[in-house]
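Hi everyone, thanks for making time.

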Amino acid sequence: MIHISVYYFGAISLILIGLYAVLVKKNVLKMLIGLSIMETGVNLLLISVGYISGRSAPILSEGVTPGRAVDPIPQALVLTAIVIGVATTAMALSVAIILYEKYNTLNVEEMRRLRG
Amino acid sequence: MVSLLKRSLAIITLLIIGYWVAQAFAGVPFGQDKMLVGKYYLENVVNQTGSVNAVTAVVVNYRGFDTLGEVTVLFIASTGVGALLWRRKKERTARTEGSIVLKTGTRYLFPFILVFGAYIFIHGHLTPGGGFPGGATIATGFLLLYMAFIVYEIPHKSFEVTEGLVGMSYVIVGLIGLAIGGYFLYDWIWQTWHVGTTNIGRLLSGGFIPVIYTIIGLKVGTELSGIIDNMLKEEVRE
């Protein structure tokens with residue numbers, strides 16, 4: 001058995017739940033929701049790697065010295081990842097709009113030339 | 001039967017992937033101090049950038065070039081949405097107006113949402129937040145207007161001009177740094193002019209972080225509003 005922190009466990013479970021939706025669901029919108037859940041899981045995983053017990057946010061004011069702040073780099077990475085996530089979700093949604101206009105369905109199995 | 005097989009296959013795959021990732025993270029202790037570069041940033045952030053918020057200093061100052069790339073990705077995504085949903089003639093086709101609660105609420109809240117978004121991106125070097133959340137807040141205000149009123153459209157001309165101008169001014173701020181300090185996105189306001197050295201922790205400090213974050217906030221706000229506009233309008237056949 002492997003022992004991991006409950007925070008890692010939760011974040012990895014979120015990633016797996018999202019991946020399950022992407023693999024199994026047939027509705028394009030549900031697949032995109034799965035992608036968003038995966039993204040949230042990855043962000044949580046990164047943030048929890050940077051956490052240090054008992055320390056506060058890396059804003060060095062009101063008594064927070066460099067020795068009492070958590071790692072700022074994962075937070076900066078996640079800030080980037082959230083914005084890119086929003087942009088790619090918007091792109092994917094517009095592709096879904098086009099698919100619906102063309103095939104009149106959001107079910108991937110009913111779309112022609114895209115069986116799987 | 002096929003779907004049951006597919007489902008169980010997916011679950012087995014997921015369990016294998018999950019075990020593999022969990023095993024990788026078993027070697028990463030939770031809640032312990034394992035900073036290497038982060039320590040350097042935390043110890044030097046106030047002297048080198050004048051910002052008390054280490055996260056925004058990393059995003060805008062230490063890794064400002066990355067952020068320029070990120071803004072470019074956002075720009076490409078919004079252009080992509082515009083290109084994918086391009087039609088010869090597009091109009092608002094919503095038929096039902098928002099309820100009286102939504103309409104009245106939007107009318108009164110809209111200016112405050114804009115002010116709050118501006119507050120978030122101007123105080124990026126002091127409080128959590130910055131240009132990206134601030135811009136998203138501003139776009140939320142425009143989304144509310146689209147939801148509440150069936151004829152509303154954003155002022156396209158001025159939004160496009162603003163978007164282009166602020167995108168250009170990011171590069172210009174970087175090029176001024178290149179001319180003064182010798183490398184692209186050199187923090188000339190802080191390191192050459194020493195603006196706000198006695199003012200750390202207040203609004204007028206942080207070198208070019210508030211300037212760049214204002215630029216990013218305006219860019220993100222206009223771009224996300226443009227995406228909303230593209231997605232909500234539909235083709236009209238004559």
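Let's start with B:Ala57, which touches B:Val45, B:Thr49, B:Ser51, B:Tyr62 and B:Ile209, leaving out residues up to four places away in sequence. By touching I mean that the C-beta atoms, placed from the backbone, lie within 7 Å.

Quick housekeeping. This is a predicted model, so local features need pLDDT of at least 70 and side-chain atom pairs count only at pLDDT 80 or more, while totals for chains, interfaces and linings use all residues. Residues are numbered from 1 along each chain as its sequence is written, and chains are lettered from A, and ligands numbered from 1, in the order in which they are written.

Back to B:Ala57. Which core does it belong to? The largest nonpolar core has 53 residues, and B:Ala57 is one of those touching the most other members, along with A:Ala76, B:Ala54, B:Val58, B:Ile212 and B:Ile216. A nonpolar core here is a set of buried Ala, Val, Leu, Ile, Met, Phe, Trp, Tyr and Cys residues joined through C-beta atoms within 7 Å. Buried means 20 or more other C-beta atoms within 10 Å of the residue's own, exposed means 12 or fewer, and partly exposed is in between, again with C-beta atoms placed from the backbone. Helix α9 of chain B gives the largest share of this core, ten residues. Helices are DSSP runs of H or I, at least four residues long, numbered from the N terminus. Apart from that core there's another one, of ten residues, including A:Leu16, A:Met38, A:Val49 and B:Phe25.

Next, the place where the chains meet. The contact takes 42 residues from chain A and 43 residues from chain B. On the chain A side, α1 (6-24), α2 (28-50) and α3 (72-103) each supply at least two residues, and α3(A) gives the most, with 17 residues. That side divides into 32 nonpolar, nine polar and one charged. For those classes, Ala, Val, Leu, Ile, Met, Phe, Trp, Tyr, Cys and Pro are nonpolar, Asp, Glu, Lys and Arg are charged, and the others, Gly among them, are polar.

While we're in chain A: α1(A) has 19 residues and reaches 26 Å from its first C-alpha to its last, close to the 27 Å expected at 1.5 Å a residue. The expected span is 1.5 Å times one less than the number of residues. Among the buried residues of α1(A) are A:Tyr8, A:Ile12, A:Ile15 and A:Leu19.

Now α9 of chain B again, this time with a partner. How do α6(B) and α9(B) pack? Helix α6 (residues 131-148) and helix α9 (residues 209-232) meet at an angle of about 35 degrees, with axes 7 Å apart. The axes are lines fitted to C-alpha atoms, for helices over the stretch in contact, and angles run from 0 to 180 degrees between N-to-C directions. This contact has 13 nonpolar, six polar and one charged residues. B:Gly226 also sits in α9(B); it counts as buried because it has 21 C-beta neighbours inside 10 Å. Setting aside neighbours within four places in sequence, B:Gly226 is in contact with B:Ser78, B:Gly82 and B:Phe159.

On to α7 of chain B. Its 26 residues (156-181) should span 38 Å at 1.5 Å a residue, and the end C-alpha atoms are 38 Å apart, so that agrees. The buried residues of α7(B) include B:Glu163, B:Tyr170 and B:Gly177, and the buried residues pack against α4 (64-84), α8 (188-191) and α9 of chain B. B:Lys157, also in α7(B), is exposed, with 8 other C-beta atoms within 10 Å.

Last stop, backbone angles. Most residues other than glycine have a negative phi. Which way does B:Leu185 go, positive or negative? Positive, near 65 degrees. B:Leu185 lies in the loop between α7 and α8 of chain B, and it's buried, with 24 other C-beta atoms within 10 Å. A:Asn104 has a positive phi too, near 60 degrees. A:Asn104 comes in the segment after α3 of chain A and counts as exposed, with 9 C-beta neighbours inside 10 Å.

Methods:
Two residues are in contact if their C-beta atoms, placed from the backbone, lie within 7 Å.
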